[in-house]
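This briefing is intended for a reader who wishes to relate the sequence to its three-dimensional arrangement. Please consult the two together while reading the points below.

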Amino acid sequence: MTYAIIEASGTQLCIEEGRYYDLNHIPVDPGQSIILGKVLLLNKNGEVTLGRPCIEGVTIKATVMRDLRGKKITVFKMKPKKKMRLKKGHRQELTRLMIDSITS
């Protein structure tokens, strides 16, 4: 089993080939391929390679499937006895990536 831990769009993810992942918005059109180069750890058939901080020569090829929005969260602030109430909502912009290959 091959998997890698990468850093992309401000987060660290454990990824495998053939699966899709939702990341913070990446300004790329759907259908285009991108290469992710910040690989922190690579496990290839039980052989673990650890980068300090990144592994040189390992690339992740991914295809952008679509742009979407995350689940809505509600932020409610209130100050008691002051009649102050503030209700806001937020939906994070996301990009769905399909991991095509992990090459070393």
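The following points cover the sheet, the salt bridges, the nonpolar core and selected residues.

The model is predicted: local features require pLDDT of at least 70, side-chain atom pairs count only at pLDDT 80 or more, and totals for chains, interfaces and linings use all residues. Residues are numbered from 1 along each chain as its sequence is written, and side-chain values use heavy atoms, with hydrogens and water left out.

**Sheet and strand pairing**

- Strands are DSSP runs (E, at least two residues), numbered from the N terminus.
- Four strands form an open sheet: its 4 strands follow the order β2-β1-β5-β6, and the pairing is antiparallel.
- The edge positions are held by β2 (11-16) and β6 (47-50); each has a single partner strand, so one side of each has no neighbour in the sheet.
- On average, neighbouring strands of this sheet are turned by 15 degrees against each other, direction ignored; the axes behind this angle are lines fitted to C-alpha atoms, and angles run from 0 to 180 degrees between N-to-C directions.
- Pairing of two strands requires that DSSP finds at least two bridges between them.
- Strand β1 (residues 2-8) is joined to β2 by 6 bridges, and the two run antiparallel.
- Within β2, Ile15 is the residue that stands opposite Ala4.
- β4 and β7 also run antiparallel and are joined by 4 bridges; Ser33 has Thr63 in β7 as its bridge partner.

- The side chains of strand β4 (residues 33-36) alternate between two faces.
- Buried denotes under 20% relative accessible area, exposed over 50%, and partly exposed the range in between (1.4 Å probe, protein chains only).

**Salt bridges**

- The whole structure contains 2 salt bridges, each defined as a side-chain nitrogen of Lys or Arg within 4 Å of a carboxyl oxygen of Asp or Glu.
- Asp22 and Arg96 form a salt bridge in which the closest N and O atoms are 2.8 Å apart. Asp22 lies in strand β3 (residues 20-24) and Arg96 in strand β10 (residues 93-103), so this pair ties together parts that are 74 residues apart in sequence.
- Asp22 counts as partly exposed at 33% relative accessibility, while Arg96 is buried with a relative accessible area of 16%.
- Arg69 and Glu93 form a salt bridge in which the closest N and O atoms are 3.2 Å apart. Arg69 belongs to strand β7 (residues 59-69) and Glu93 to strand β10, so this pair ties together parts that are 24 residues apart in sequence.
- Both Arg69, at 45% relative accessibility, and Glu93, at 37%, count as partly exposed.

**Nonpolar core**

- A nonpolar core is a set of buried Ala, Val, Leu, Ile, Met, Phe, Trp, Tyr and Cys residues joined through side-chain atoms within 4.5 Å.
- The largest such core has 21 residues, of which Ala4, Ile6, Ile15, Ile34, Ile60 and Leu97 touch the most other members. Two or more residues are given to this core by each of β1, β2, β3, β4, β5, β7 and β10.
- In soluble globular proteins, nonpolar side chains tend to be buried together.
- Leaving aside neighbours within four places in sequence, Leu97 has contacts that include Tyr20, Leu23, Ile34, Leu36 and Val64; contact means heavy atoms within 4.5 Å.

**Surroundings of Arg96**

- Leaving aside neighbours within four places in sequence, Arg96 is in contact with residues including Tyr20, Asp22, Thr63, Val64 and Leu68.

- Asn43 belongs to strand β5 (residues 39-44) and counts as buried at 10% relative accessibility.
- A polar atom of the Asn43 side chain lies 3.1 Å from the backbone nitrogen of Gly46.
- Leaving aside neighbours within four places in sequence, Asn43 is in contact with Met1, Thr2, Tyr3 and Val48.
- Met1 is placed in the segment before β1 and is exposed, with a relative accessible area of 65%.
- Although 42 residues apart along the chain, Met1 and Asn43 have C-alpha atoms separated by 7.7 Å.
- Leaving aside neighbours within four places in sequence, Met1 is in contact with Glu16, Asn43, Lys44 and Asn45.

Note on methods
Polar contact = N/O pair within 3.5 Å; in protein donor to acceptor, adjacent residues only side chain to side chain.
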